[in-house]
Amino acid sequence: MSGKIKGSTNKLNTVFGFYLLVVLLFCVKTYIAYQTEFTLGAKGSVQQFLLAINPIPAALLLFGIALYFRGRLVYWLMIVIDLIQSIWIFANIIYYREFSDFLTFSVIKGSGDVQNNLGKSIGQIIRPTDFLVFLDIIVLVVLLLTHVIRVDVRPFKRRYALVLSVLAFSLMGAEYGMANADRSGLLTRTFDNNYIVKYLGLNEYAAFNAYQTQKESATRAHANASDLTSVKKFVNRNRVSPNVKYYGQAKGKNVIIIHLESFQQFLINYKVDGKEVTPNLNKFYKNKNTLSFDNFYNQVAQGKTSDAEMMLENSLYGLPQGSAMTTYGTQNTFQAAPAILSQKGYTTAAFHGDVPSFWNRDNTYKSWGYEYFFSSSYYKTKPDYSVGYGLKDKIFFKQASQYLDQLPQPFYAKLITLTNHYPYELDKQNTDFPATKTGDKTVDPYVQTAHYLDEAFGEFLTYLKTSGLYKNSVIMLYGDHYGISDNHRAAIAHLLGKKSVNEYDLAQFQKVPLMIHSAGLKGGIDHTYGGEIDVLPTLMDLLGVKDNNTIQFGQDLLSNKRNQVVAFRDGDFVTPKYTKVGSTVYQTSTGKKLTLTSQQKKQITKLQNYVTTELSLSDRVIEGDLLRFYTPKGFTKVNKKDYNYKYINGMAKLKAAEKKYPTSVLAKRNGKAVPYKTDAPELK
Ligand code: GP9
Ligand code: MN
């Protein structure tokens with residue numbers, strides 16, 4: 001036995017032995033932290049495997065730096081490197097406990113106003129056990145000082161050090177390859193910091209975030225106030241006067257926005273086996289007080305949902321690559337709908353049954369001036385309450401309604417649904433609708449989750465009527481983006497009852513619903529051509545909020561003077577006359593491919609110019625953070641420090657608001673809860 005111990009300490013008495021011990025201890029503790037301190041949501045064997053091994057490559061690489069040095073220094077360098085990495089883990093544990101997200105360098109730099117108020121409460125967040133992160137370092141130091149492990153002063157061959165560095169990089173590459181195969185676009189689309197840590201590791205996350213922050217500050221540093229001149233010129237030239245018939249028609253009403261996940265326009269009135277997929281939405285679509293738009297397009301790029309949110313609430317485009325919310329949401333200055341309306345006396349709240357870090361909502365919503373963000377921690381959950389990204393819609397709406405009831409009125413509330421999300425999975429007990437029979441496994445269950453979403457909406461609508469909110473609110477519904485991507489051409493053709501589909505059909509397939517309902521509003525199907533960029537000015541005009549000095553790229557959909565040019569993020573566009581895809585132009589009304597006359601060519605060039613200018617100016621606003629140079633009259637700059645979305649803070653804030661402004665649904669009913677009917681089997 002003692003021989004065995006001796007043998008193993010003997011190995012530890014070499015530089016390489018010590019290095020392996022340090023790496024091993026570090027990887028084990030990182031893995032323990034992953035499992036106990038963070039909610040990374042590793043599902044399935046690939047993700048579990050990557051989570052377990054992801055600390056190894058960076059540890060080999062970073063501790064390997066010490067191997068290029070000589071003598072005792074090698075040992076102490078490893079200890080210092082360990083200490084630095086452990087401080088990073090430690091800081092993230094504490095930050096995560098408060099914000100359910102990882103630290104970013106912009107938060108650390110605290111430049112501007114993104115500090116997130118951590119200093120205030122750090123004493124309350126820290127637990128004595130957090131210091132266990134440093135345990136292995138203490139043990140190693142003691143072992144070295146007591147000479148249980150003896151320092152080996154023989155030089156470690158640089159050649160071997162190099163081999164180890166190369167090995168570490170190759171492992172990182174292999175790991176990235178596996179990660180990207182499981183979640184494509186991991187780094188280009190930048191969904192969620194949790195994903196990067198889950199797939200690649202805490203150190204890789206640090207490196208990636210440092211790179212992103214650097215890139216973002218560089219564009220910001222290069223921009224200056226004069227860059228706004230051309231933006232203002234463009235925006236002012238294209239601002240349209242509102243329609244007097246609609247302007248201010250919904251003044252003072254609540255706004256309830258329902259974000260219909262992956263919901264396409266073709267689903268409206270669509271039937272499978274003679275049954276309507278979305279009977280509740282169809283009825284709402286035709287309601288005499290609903291304005292429904294049937295030529296309304298999604299304009300998102302890689303940022304998908306986050307691009308839709310960016311356009312809807314800022315009238316700024318998402319970026320050509322990645323998500324503007326993740327890259328610029330934390331630092332930038334915005335003049336978003338929640339901020340505008342909260343300064344007009346509205347309570348503002350976002351609801352979503354997913355973790356707050358997805359699409360960096362937890363930080364971006366602060367920049368947008370959302371007072372409340374009711375994300376996953378606000379909802380009771382059981383294993384069968386969730387599917388895919390989070391809460392099932394029926395359960396989500398029911399629980400969200402309890403918070404909605406408590407919001408002082410008027411309020412601006414956005415509810416983001418989830419269940420109708422790729423890969424459209426739903427348990428048997430919730431599936432009561434036939435799948436389509438295109439033979440494409442990805443596409444066929446789409447109508448089933450859409451049907452579920454429709455039922456959930458139906459239940460929520462009943463609640464809105466019971467609570468009285470139906471009468472004094474603008475209820476706006478929109479589909480955020482396509483649910484069936486262009487890769488499924490054969491299935492799309494099948495769904496549309498066509499032999500095949502071409503580029504024109506696919507462009508038209510980007511239509512999503514937009515419905516705006518308000519009691520007393522003159523409704524109807526409006527055929528104007530528009531897109532997500534146009535929603536904010538439309539809503540503001542309906543609410544009678546003057547916007548003649550804002551930086552918004554859209555045009556009020558109800559204005560008679562709008563230009564009806566729908567820009568797609570790749571520079572293609574649709575107008576009532578033309579649908580331009582790549583170098584081909586189709587006639588929008590017929591889908592016929594056009595051989596352009598010189599007159600038409602001129603028109604297309606002009607339209608293309610407009611689209612390209614619009615997109616690039618919008619990018620300039622976001623990438624240069626240009627809104628920091630301009631505060632419209634009557635608008636106060638948002639102070640991100642005012643917001644904290646943690647459950648206890650949110651609840652305390654609600655309580656205080658309730659006392660000060662007893663105008664919530666609940667207060668008006670003297671505290672009597674609004675009954676909510678749902679047939680969700682999980683709640684029975
Ligand atoms: C996640 C949800 C999905 O919280 O909003 O985003 P998507 O994948 O549709 O962009
Ligand atoms: Mn989405």
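Colleague: What should I know before I start?
Modeller: Residues are numbered from 1 along each chain as its sequence is written, chains are lettered from A and ligands numbered from 1 in the order written, and side-chain values use heavy atoms, leaving out hydrogens and water. The model is predicted, so local features need pLDDT of at least 70 and side-chain atom pairs count only at pLDDT 80 or more, while totals for chains, interfaces and linings use all residues.

Colleague: Let's begin with sheets. In what order do the strands of the eight-stranded sheet run?
Modeller: Strands of a sheet pair through backbone hydrogen bonds, either parallel or antiparallel. Here two strands pair if DSSP finds at least two bridges between them, and helices (H or I, at least four residues) and strands (E, at least two) are DSSP runs, numbered from the N terminus. The open sheet of eight strands has the order S7-S6-S10-S1-S11-S12-S4-S13, with mixed pairing. Its edges are S7 (372-374) and S13 (524-526), each pairing on one side only.

Colleague: How many residues of S6 are buried?
Modeller: Buried means under 20% relative accessible area, exposed over 50%, and partly exposed in between (1.4 Å probe, protein chains only). Six of the six residues of S6 (residues 347-352) are buried, so this strand is largely enclosed by the rest of the structure.

Colleague: And where do its side chains point?
Modeller: In a regular strand the side chains alternate between the two faces of the sheet. In S6, Thr347, Ala349 and Phe351 point one way, and Thr348, Ala350 and His352 the other.

Colleague: Now the salt bridges. How many are found in the whole structure?
Modeller: A salt bridge is a side-chain nitrogen of Lys or Arg within 4 Å of a carboxyl oxygen of Asp or Glu. The search finds 21. One of them joins Lys414 and Glu313, with the closest N and O atoms 2.5 Å apart. Lys414 lies in strand S10 and Glu313 in helix H14 (residues 304-314), so the pair ties together parts 101 residues apart in sequence. Both Lys414 and Glu313 are buried.

Colleague: What about Lys394 and Asp679?
Modeller: Their side chains meet in a salt bridge at 2.7 Å, N to O. This pair links distant parts of the chain, 285 residues apart: Lys394 is in helix H18 and Asp679 in the segment after helix H25 (665-668). Lys394 is buried at 3% relative accessible area, while Asp679 is partly exposed at 39%.

Colleague: Which residues form a network of salt bridges?
Modeller: Glu216, Arg220, Asp625 and Arg628 are linked in one.
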